[in-house]
Amino acid sequence: MNHRPAPESRPQPTDEQLLAFEADHTPGKHTSAKEIAIRDELGIHPARYYLLLGRLIWLEDALRIDPALTNRLRRLSRERQLEQRRRHHT
């Protein structure tokens, strides 16, 4: 997946870097320590990281890079979507 250059000083992380970072930093947990690590290690804003990761997990490239992590993130994403739908319909 080709990315546009990020406005930050470093180049945008690759798909491999995004998935490796997520695998190393407690998948599914959004903490201030993780936000700091995103900025320090990847050089991007946390919102950008989650946007890129959210798109990446639905690509076949992600399955080739890390199938177990990708499938886990897809499952968590589906569960969040279902929960959001339930809340909006009650």
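Within helix α5 of this predicted model, Arg87 and Glu83 lie four residues apart, which is about one turn of the helix. The side chains of these two residues meet in a salt bridge, with a distance of 3.9 Å from N to O, and this pair counts as a salt bridge because the nitrogen is within 4 Å of the carboxyl oxygen. Arg87 is exposed, with a relative accessible area of 53%, whereas Glu83 is partly exposed, with a relative accessible area of 35%.

Through salt bridges that share partners, Glu83, Arg86 and Arg87 are joined into one network.

The structure holds five salt bridges, and another of them is formed by Lys34 with Glu22, whose closest N and O atoms are 2.9 Å apart. Lys34 lies in helix α2 (residues 32-42) while Glu22 lies in helix α1 (residues 15-24), so this pair ties together parts that are 12 residues apart in sequence. Lys34 is buried, with a relative accessible area of 4%, and Glu22 is buried as well, with a relative accessible area of 2%.

The table lists the salt bridges described here.

| Salt bridge | N to O distance |
|---|---|
| Lys34 and Glu22 | 2.9 Å |
| Arg87 and Glu83 | 3.9 Å |

Technical notes:
Residues are numbered from 1 along each chain as its sequence is written. This is a predicted model: local features need pLDDT of at least 70, side-chain atom pairs count only at pLDDT 80 or more; totals for chains, interfaces and linings use all residues. Side-chain values use heavy atoms; hydrogens and water are left out. Helices (H or I, at least four residues) and strands (E, at least two) are DSSP runs, numbered from the N terminus. Buried means under 20% relative accessible area, exposed over 50%, partly exposed in between (1.4 Å probe, protein chains only).
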